[in-house]
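Please look over this structure before reading the notes below.

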Amino acid sequence: MDGGTGPVHRFARWRRRCRIDAGHCRLPDLHVAGYTDAQEPQAAHVQSLRRRALELRQTALRLADEDASASKAFGAAFHLEPGRERETAIKNASINAARASATLGKHAVIAIDDLEWLALNGNQALVSDVVVALGSLRATLAGARTNVSFDLASSTTDDSSMAELRRQHQDLFAALREFEAAIERLDMIASGIDRRAAPTRA
């Protein structure tokens, strides 16, 4: 052990800090839906959107706790004495952490449809709030993508083990592709309403 001052412990502390910072990128609060009035048949859709927004907030709190637990396990693994047990603990903690981040990211993807609907049909006086929510969601997805990618890499030692990892955890690599596509979609939605949200130009 290096007494908590060597490169391994510095890396573990940095790794936990990355997860804490990413955790601040929460699933967005779709409060804009609460200020959107609609006539039938859209009224039913707005009600469903409001309900999903509340469920999303509750889910975000639960996922934040799960991600924090995964982060602690990752740090604990790096504090073990060098050897097979430590390597196994790091690999298991990395995969579990990747799954926690992937779950958060997948819930973020689900919210895109509602934000896109609000961008097109929501209260136009609050279009700037939609842009802020889009940015928050993008940050969440970018953080999830980064953490999943980093966690996967942390569980391997060479190119051959990475190839095996791809075979064993195809769902996590598919999640990375899904998050990248979702980020591109968010950018397109934001670009489409930018003129209305920020009409003045420097």
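## Thr103

Thr103 sits in helix H3, which spans residues 84-110. This is a predicted model. Thr103 has a relative accessibility of 31%. It therefore counts as partly exposed, because that class lies between the 20% limit for buried and the 50% limit for exposed.

Ala144 is 41 residues away in sequence. The C-alpha atoms of Thr103 and Ala144 are 8.6 Å apart.

Lys72 belongs to helix H2, residues 42-78. Its relative accessibility is 62%, so Lys72 counts as exposed. From the C-alpha atom of Lys72 to that of Ala97 is 9.5 Å. Those two residues are 25 positions apart along the chain.

His169 is in a loop, between helix H6 (159-168) and H7. Is His169 buried or exposed? It is buried, at a relative accessible area of 13%; the cut-off for buried is under 20%. Leaving out residues up to four places away in sequence, His169 touches Ile95 and Arg99.

## H3 against H7

Helix H3 packs on H7 at an angle of about 35°. Their axes are 10 Å apart. The crossing of H3 and H7 is left-handed.

On the H3 side, the contact is made by Ala98, Arg99, Ala102, Gly105, Lys106 and Val109. H7 brings Asp171, Leu172, Ala175, Glu178, Phe179 and Ala182. By class, the residues of this contact are 7 nonpolar, 1 polar and 4 charged. Arg99 has a part in this contact, and Arg99 is also touched by His169.

## H4 against H7

Helix H4 covers residues 112-121, and helix H7 covers residues 170-197. The two pack at about 15°, with axes 11 Å apart. H4 and H7 are therefore roughly parallel to each other. H4 passes H7 in a left-handed crossing.

Which residues of H4 make the contact? They are Ile112, Asp113, Glu116 and Ala119. Facing them on H7 are Ala182, Arg185, Leu186, Ile189, Ile193 and Arg196. The contact of H4 with H7 has 6 nonpolar and 4 charged residues, and no polar ones. Ala182 of H7 takes part here, and Ala182 is also listed in the contact with H3.

## H5 against H7

Helix H5 runs over residues 127-154. The axes of H5 and H7 come within 9 Å and cross at roughly 160°. That makes H5 roughly antiparallel to H7, because angles over 145 degrees fall in that class. The crossing of H5 and H7 is left-handed.

How do the residues of this contact divide by class? There are 21 nonpolar, 2 polar and 5 charged residues in the contact of H5 with H7.

## The whole chain

The chain holds 7 helices and 0 strands. Read from the N terminus, the order is α-α-α-α-α-α-α. The chain has 202 residues, and 39% of them count as buried.

Consider contacts between residues at least 6 apart in sequence. Of these, 79% join residues at least 24 apart. The accessible surface of the chain is about 11400 Å². Carbon and sulfur atoms account for 54% of that surface.

How values were computed:
Residues numbered from 1 in each chain as written. Predicted model: local features only at pLDDT ≥ 70, side-chain atom pairs only at ≥ 80, totals over all residues. Heavy atoms only, no water. Helix = DSSP H or I, 4+ residues; strand = E, 2+ residues; numbered from the N terminus. Buried < 20%, exposed > 50% of the residue type's maximum accessible area, 1.4 Å probe, protein only. Contact = heavy atoms within 4.5 Å. Areas by Shrake-Rupley, 256 points an atom, 1.4 Å probe, with all protein chains shown as cover. Axes fitted to C-alpha atoms, helices over the stretch in contact; angles between N-to-C directions. Parallel < 35°, antiparallel > 145°, perpendicular 65-115°, else oblique. Left-handed = near helix turned anticlockwise from the far one by under 90°. Nonpolar A, V, L, I, M, F, W, Y, C, P; charged D, E, K, R; others polar.
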